[in-house]
Amino acid sequence: MHVHVARDQDVAKFWLEPVRLQRSGGFRRAEINRISNLVEEHREEIIEAWHGHFGT
């Protein structure tokens, strides 16, 4: 499972188990750290939404 984060032309992809950056383009390191912390903080909610959306 993973989540994509996008803002304007900036994109990032994070794996959820465990939370780790897969790739990033355009975000500064401080932004990636903040996004990573948010993904970690909301990981369970994101996983529940993933299962709800994909039916797995």
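Which residue forms a salt bridge with arginine 43? Glutamate 17 does, and the closest N and O atoms of the pair are 3.5 Å apart. Glutamate 17 lies in the loop between β2 and β3 and arginine 43 in helix α2, so the pair ties together parts that are 26 residues apart in sequence. A salt bridge is here a side-chain nitrogen of Lys or Arg within 4 Å of a carboxyl oxygen of Asp or Glu.

The model is predicted: local features need pLDDT of at least 70 and side-chain atom pairs count only at pLDDT 80 or more, while totals for chains, interfaces and linings use all residues. Residues are numbered from 1 along each chain as its sequence is written, and side-chain values use heavy atoms, with hydrogens and water left out.

**Helix α2**

Helices (H or I, at least four residues) and strands (E, at least two) are DSSP runs, numbered from the N terminus. Helix α2 comprises 12 residues, 43–54. From its first C-alpha to its last it reaches 16 Å, close to the 16 Å expected at 1.5 Å a residue; the expected span is 1.5 Å times one less than the number of residues.

Buried denotes under 20% relative accessible area, exposed over 50%, and partly exposed in between (1.4 Å probe, protein chains only). The buried residues of α2 are Arg43, Ile47 and Trp50. They cover an arc of only 55 degrees around the axis, which puts them on the same side of α2; the arc is that of the directions from the helix axis to the C-beta atoms. An α-helix has 3.6 residues a turn, so residues three or four places apart point the same way.

The cover over the buried residues of α2 includes β1 (2–7), β2 (10–16), β3 (19–25) and α1 (29–41), where contact means heavy atoms within 4.5 Å. On the face turned away from the buried side, α2 carries the exposed residues Glu45, Glu48, Gly52 and His53. Glycine 55 follows α2 and has a positive phi, near 65 degrees.

**Salt bridges**

The whole structure contains 5 salt bridges. Three of them are tabulated below.

| Pair | N to O distance |
|---|---|
| Arginine 7 and aspartate 10 | 2.6 Å |
| Glutamate 17 and arginine 43 | 3.5 Å |
| Glutamate 31 and arginine 28 | 3.8 Å |

Arginine 7 is partly exposed, at 36% relative accessible area, whereas aspartate 10 is buried, at 15%. Glutamate 31 counts as buried at 16% relative accessibility, and arginine 28 is exposed at 57%. A network of salt bridges links Arg7, Asp10, Arg28 and Glu31.
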